Amino acid sequence: MDEFYIDFALNLLHDMRLRIEGALVLYERDAIPLRRLGVENDMPVAVGAYDTIGSALYDLREDIQELYEGHMKEVSRVSK
């Protein structure tokens, strides 16, 4: 496997993991009042949007983790 590709992909996956973790911290810590406002003001569309965004963020984190694990397995397999 091309060394450049291995390094490039690993760096990209690392950056993606950092970004999604940062987005989840903001979502969990800073955006939760938005959901509360939606509940208190009987705004089910806003609450649903908040929940959908959260689901998308968590799914994306899982996808990135799977990509990272697959990349590391392939690097290990090729380097034997």
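This tour goes through the aromatic rings of a predicted model, then a charged side chain and a loop residue.

Start with Phe-4 and Phe-8 in helix α1 (residues 3-30). They are four residues apart in that helix, so about one helical turn separates them. Their ring centres are 6.0 Å apart and their planes meet at 15 degrees; the pair is stacked because planes under 30 degrees apart count as such. Colour by accessibility: Phe-4 is exposed at 60% relative accessibility, while Phe-8 is partly exposed at 47%.

Next select Tyr-27 and Tyr-58. Here the centres lie 6.5 Å apart with 85 degrees between the planes, an edge-to-face pair. Tyr-27 belongs to helix α1 and Tyr-58 to helix α3, so this pair ties together parts 31 residues apart in sequence. Tyr-27 is buried, with a relative accessible area of 11%, and Tyr-58 is partly exposed, at 27%. The model has three aromatic pairs by the distance rule used here.

Move to Arg-17 and Tyr-68. Arg-17 lies over the face of the Tyr-68 ring, 4.4 Å from the ring centre.

Finish at Asp-42, in the loop between α2 (32-40) and α3 (44-78). Most residues other than glycine have a negative phi. Asp-42 is exposed, with a relative accessible area of 66%.

Methods:
Residues numbered from 1 in each chain as written. Predicted model: local features only at pLDDT ≥ 70, side-chain atom pairs only at ≥ 80, totals over all residues. Heavy atoms only, no water. Helix = DSSP H or I, 4+ residues; strand = E, 2+ residues; numbered from the N terminus. Buried < 20%, exposed > 50% of the residue type's maximum accessible area, 1.4 Å probe, protein only. Phe/Tyr/Trp six-rings, centres within 6.5 Å; stacked < 30°, edge-to-face > 60°. Lys NZ or Arg CZ within 6 Å of the ring centre and 35° of its normal.
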